Each structure stands twice: as structure tokens, then as C-alpha cells.
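Please keep the sequence and the model in view while reading.

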Protein chains: 2
Amino acid sequence: MDCDLIIANGTVLTMVPGAAPIPAGAVAVRGTDIVAVGPARDLIAAAPGARVIDAGGGLILPGFVNTHMHLAMSLMRGFADDLPLMTWLEKHIWPAERTLMTADTVALGTRLAAAESLKAGVTCICDMYFHAPRVIDTLTEIGLRGVVAESLIDHPTPSCPTPEVALTRQRELLERYADHPLCVPAVAPHSPYSVCAANLVKEAELADEFGAPFVTHLAETRWEVEKITAEKGMTPVAYLADLGVLSERTVAAHCVHVTPDDLDILAEFEVGVASNPVSNLKLGSGVAPVPQMVERGLKVGFGTDGAASNNTLDLLRDVQLAALVYKGVAADPTCMPARTIAELLTIGGARVLGLADKVGSLEPGKRADVVCIGVDSPHAVPVFEPYAHLVYAARAADVRHVVVDGRVLVRDGELETLDEAALLAEARQATNGLVERLKG
Amino acid sequence: MDCDLIIANGTVLTMVPGAAPIPAGAVAVRGTDIVAVGPARDLIAAAPGARVIDAGGGLILPGFVNTHMHLAMSLMRGFADDLPLMTWLEKHIWPAERTLMTADTVALGTRLAAAESLKAGVTCICDMYFHAPRVIDTLTEIGLRGVVAESLIDHPTPSCPTPEVALTRQRELLERYADHPLCVPAVAPHSPYSVCAANLVKEAELADEFGAPFVTHLAETRWEVEKITAEKGMTPVAYLADLGVLSERTVAAHCVHVTPDDLDILAEFEVGVASNPVSNLKLGSGVAPVPQMVERGLKVGFGTDGAASNNTLDLLRDVQLAALVYKGVAADPTCMPARTIAELLTIGGARVLGLADKVGSLEPGKRADVVCIGVDSPHAVPVFEPYAHLVYAARAADVRHVVVDGRVLVRDGELETLDEAALLAEARQATNGLVERLKG
């Protein structure tokens, strides 16, 4: 077998629907692609010259897919907490962003977020922020996969003084990064409440022209639903459908306050839902009806949202929390069992981002995005069932190795493509005194 | 100043009500006790001969108090998931316990749980299980503080064939471990639904005779409330009050399904509530009204419950999750702010266990139970506000040093009083094939 890297010595969870775990399994990689998945002994025997990464008897599975985040907001972690969404946005986050978020700062925050994400087993992200070219260039250097969108809001943003400028920048982004091997450029109108109908339509036209993802916040808060319903006479989901902007390339973040009719609309247009359970709880927005979405066959994945409203990018932790909350809300411990949650964390997220042909499961022909989870700590013994272990006991600190596009980005828990100590020092310096600066 | 250990170089959160964080602070320890808390420079200058533990610029705070757990059930982590409470108990947990839980196995499971707890910053636990003398002896060796109860159920338990035997064993426990420096012996009638009225009263009499904690499960599920209400004509809380068994030494685990009248009763008798947010969600039991309990001035702390229904003993993770859930349930992001949650995690838990005169805050005269949380990882940069950092971003893997009763039990993230590798191997061996053995 022609392969140059074998990730071996673990229970392989391929996340292929219906497939059983492969004990003492391995994943063989050639270049950027998976060429075989099976028993480690067979794969190693078939490729005696390949480098072997040892999973140490833990779990080997597809990298996690974070379907909604604002990478550079890592620099605003813990900047303003215990506040309602609109106060938080208008009084704290937006003013701080206008002061802080130059292109260089966005690049720095992106590196910090990428470091945290990789160490938490995330191999693919969807970023919705500003200065998107710098984000893509930064992710390319680091080696992290993603959908990266330039945002449009009707007021000035850190990168664009007007929505017209944002549209121009978005077009440039889509042209410049077409066919990029690691990142998919995208457009992101911020939300139905912060972007007018005309601009929403322009955004959809631009996305359609390039076949690009259309990323937006949707039905996040009761406030949004009430505002849009009062102004448009329909729910935010129905409003976007009415404008003709929804499609199978739409990535709709949140969808907390959705009616059964809204779910029908999301299903009809094959919209992908990026649910952000921690951010939605922390901002008091509520709990998205993810079990109902799954039941209706919607494309659903999980996201952390930005670190300013979470306050980490530990997707596994967030997904574990969501799994528990669904059971509690439904008063049903059989709701959303571990395997279902593990699917949303991986292949489900890939479907939301339109990348399920490339990532989200371990299959020959797909890109080699792989994470190894160790089971050599007191909280990880015993392991009776691998999916339950992943969803109820494993944690980010157990992530041993992370491979993206066939490249080893985390080895033995350490970042291979970032100087972590230097990065943390730089991030501390950039944010030092931020609260005081904004007040002064 | 006469002291032999100084924990220095961090922001000290004393958890004394109203006290401000102490930047560049330290805690000075002599023997088992705290002798001073203040600026590191001053304390180090005043005690030049003391050993110094370096908190590395992170947080220094009281150890976490886990108010409800079943230590040895760590061996049943992930043994049966995604099941309703009574099915889980009657079909899986109780039969497995009868096969598995000898005194030696309980000691092994206690060591595994203690290892996990210490590495997660927990310095004081409340254990409600079987073979309590072995639990206390094991915790004493390791150095972990706790309230340790022998359980009584009306059916045979792993340690006692009848409730009469359990009563005898409990009396022996209370006599043998009176005035133990680290562990408080206690009695634990399992619940109002599994212990008859006569035995509940005998348990209360025994606890009263020794001034011992009376630990029980209470109002955990809707099923329990319906059953007790049908049989006794009142809620489980009212029923225990009516029996005369509640007191300020009662530690009531769960209290998920409680009425406003129940809360009045709990307040009247000064009952301590041990809330287990993750276990309650995972078993579909619901969300305890902890914000309402805090508002009414009840003693409230957090617990993980056993690892079989969680599936970790990572109290910090559970408390972070609870903080988010309260906001989500209340649709109010200002509900239960970070400082309040941090208090319940430490001094609140100590109050529940009747140990607030000894632990739960960093004050001269209290025992030296101290945890140091590092801030040198991507998810921990920047830190704008220490309580928010603790409650929304810190994680068990950040725990650097843990001191209990003046003794360093975790140093640089490694256990000092347990051989972790040997322990994990032993735990794996003891549980290997357990599922098959139980079926066969």
C-alpha cells in the first residue's frame, strides 16, 4: 500500500453511519488523503515504510467541526460577562472591536483561537468575522481547515466603513481564494436585524454567483424574533425564505427560537444549522430544539461561537454540555444518545458546512483530518463504550495528536505549527489594559 | 512569621464574602493551618525560611468542595448510559454493585476517584457509599478531606445484608472515627423511597446521638415525588420534616423537584442542599432551582454524583455547566453571576457539609486546603476578570498544585500520594470484562 503516515493503536470511530468501532485500528494516509481504515496490524504490514503515530490505546476519530465561531474574538475572552446580548453587543463588544480589531489584531486573535481549537481536537472551523483575507492566510500558515467569511453589517465594521465596501471586499475574497486547498471563502450578512433586505438579497446573489456559503446569525434571541415579526409580519426564518436568500449553502447560526413551520422551511431549503449551546445559555437566549431538528433530518452541527460569549473554544466540552441539556429539557435520558452527539460533532458539522464529501468521517478518499484522544488519566478509566466515553468523559486535555489535511498539527499535546509561548505573550500584551483603554 | 509553606505568585481569591481579589498574592501555611493571606512580597519577606510553591501567575483559591458523590462508582464510569434512573439503578447499577463492590474494590474505586478529584482541584468530598471504614482509611492515606457515610437501604447492600446490620456498622463507624483529623463519619439513609419510615427515624436518632451528618438523596425525580406523595400524602421534603429527621446536619442530595413550600421547610431546618447538575440532566431528572435556593438563603453546594451517572468527577466542569444552564432556564444572562457560582463551589459547599469553620475560604485559622489554577494555555488568555475566568474558561487540566490540610497532594499537575500509572492499570484490570461477567 502506498502511504506515508499511519495513525495506529486506538479504537477507530470512523463516524460512517452504521459502522462499528474498529478495535486496535488505524488510519493510513497518503499526502492529504486517507487511503485505508482498518486493523492496525494489517495496515502497518501493508506499508512497512510509513511513519506511525501512536494513539496510545485511545480513540482515533475524525477531527471535530466547529460550525460557528468568530476566531479573533479570542482576544475578548472574559471581556464582558453576565450581560444580555444586545447590551453586550452594543455597549461592550462592538465599541471594543472598533478599537481593537485591526487586520494585525485579527491575525493575532485568529492564531490564538486556532491554537486553542487544535489543542481541543477541532480540525475544521467556520469563521464569521472581519479582515477575512488575513484570517485565511493565517489559517493556511497554521494548517487549520475552514470556511471563512467576511461579514457585512449595515453599520461600520472593523474592516469596512460601509456595507458597499463590504460587498466589494467579499467579491475580492471569493475571487482570490477560489479553489484554495484548505479554506472556503464565504459571505456573511450578520443577521436579519442588522442587515437590510436589499443587502441580504445582494449577499445571496453574490454567494450564488460563486457557489459560496452564505453564513448568518438567525433566530438567536426572542428579541430578534419579536423585532422581525413586528417589522415584517413573519418570523426571521420565514422572512429570509421570503427574500429568497436561503439555500443548501446557507449556514444559519443559532436557530434557538424557531417554530415548527420554521423547521419545515429550514428542511425545505436544506439549510445547515450551526447550534451554539453554550453561547445561547450564557447570553440567556435559550436552548435550540436540536433533537427536533435531528428528528426532522435537518443538517445540524455544533459551534462554540466566539470566545467572548462562551468563554472558550472547547467544542467537545460544549457538545457534552448540550448532550446533557437535551436530556434534562426533554426529561428523557434516552434523548440524543452518545452516538448521535458524536455524529453531530463530526460528520454532522461537515454536512452543515458543505464539506461532507471531504471531511467528517474516516473513509478512503476523504482528507486526513484525524484526532487521537488519550485514555490514560484517572477520569478516562475505565472505558466500557467508546462513544459514551467521548461524549460523557473525554476532555480537550486528552487530545494527543491532531492531523489536518495529512499534516500533523498537534503531537503529544503540543502545537507543531505555532510557537505557543510566544503567541500567548503576544496575546497578553495586545489585550493588556484593554478595559482601561476603552473607558479612557 | 512562623510558617513552613507559602503558596505564592497568583491572584488570590479568598472567597471571604465581599473580599476583593489579591493580585500577586500568597497564602502562608504552618502545619495544617493557614496563618496569613496577603501580598506575596510581604509574606515571603516575613518568612524567609518557608518553602514556596509557585502558582505561576494564575489563580490561588480554596479547594473545591464536592458535596455529593459515590467515590467507588468511578469503576462503573460509562457502564450504563442513556437510561432512565430507575432502570439504570435496578437493572444495571445495583446488580453490578452486588457483584463488583467488595471492600477491596471500594478501596480501589475510592483511590481512582480521589486521584481524579485531586487533579480537578477538589480538596473535600462527601461520600455516600458502602464499606465506609475502608473509604476513610483510603482517603487518610491519600490525604483527601471528606464527610464519609455508610449507606442504609432496606434491601441488601454490598456491605450489609440487612438494614439492621447497616445500623450497627454505622454506629461502629461513628465511634471509631470520632475526632478523625481529616474525615467526618456520617450516616446515610439512601432515600425516602428506599428506606422505610422506621429506619429513617432510627438513622436520625443515630446521627443526633453523635452530632453526625445525615446524608440522603431527596426529591431527585418526578417519579419519587409522585410515589411519596401517593403513599404519604405529602412531598418527600415534607415527609422527612414530618418524620422529624431534618436538621442543620442534613445533607440533602439533588432537591430537583421541590415546591416553594419545600424550600421553606429546607430553610426552616437549615438543611444543606447538594445539587448535582450533570447527573440530574444526564438521567433526565431536571434542573434544581438553585438560583431560588440561593435567593432564599439556603445552604447550597455542588456535587458530581458518582461517575456512573456523570461520567466524570470534574466538579469545576459541572459547576460551569450549571452556571450556564441557570441563565438559559431563566432566560436571563445576569442570573447567577460568576462570583456567586465560585462561592457555591467553595465556601457554599463547606457550609453544606458543616465544615465552613474549617475550610471553604482562605483565612488565617482555617485548614490549608488550597488549589492553584494555571493561566498558561491558549484557552486561558487573556484573563480580564478572575471569577469569570474560573467559571467560564478554566478547566481541570489547569490545576497545577493542590494542598489539603497543609500537605501538597498535587504538584505541577502530578499526584504526590498516589502512583497514578499503577492505579490506572489496577482499575482497568478490576473492570475488564465486567459487562460480560454480569451477563454470564
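## Terms and basis

On a 1 Å grid over the protein atoms alone, a pocket is an open set of points where a 1.4 Å probe fits, with protein on both sides within 12 Å along at least five of seven lines, and its lining residues have an atom within 4 Å of a point. Grid points are joined across faces, edges and corners, and a volume is the space filled by probe spheres set on the points.

The model is predicted, so that local features need pLDDT of at least 70 and side-chain atom pairs count only at pLDDT 80 or more, while totals for chains, interfaces and linings use all residues. Residues are numbered from 1 along each chain as its sequence is written, and chains are lettered from A in the order in which they are written.

## The second largest pocket

The second largest pocket holds about 610 Å³ of space, and among its 29 lining residues A:Gly78, B:Val383, B:Phe384, B:Glu385 and B:Pro386 are the closest to its centre. Its lining comprises 15 nonpolar (Ala, Val, Leu, Ile, Met, Phe, Trp, Tyr, Cys, Pro), six charged (Asp, Glu, Lys, Arg) and eight polar residues (the others, Gly among them).

## The largest pocket

About 790 Å³ of space lies in the largest pocket, where A:Ala397, A:Asp398, A:Arg400, B:Ala397 and B:Asp398 are the closest to the centre among 32 lining residues. This lining divides into 16 charged, 10 nonpolar and six polar residues.

How values were computed:
Heavy atoms only, no water.
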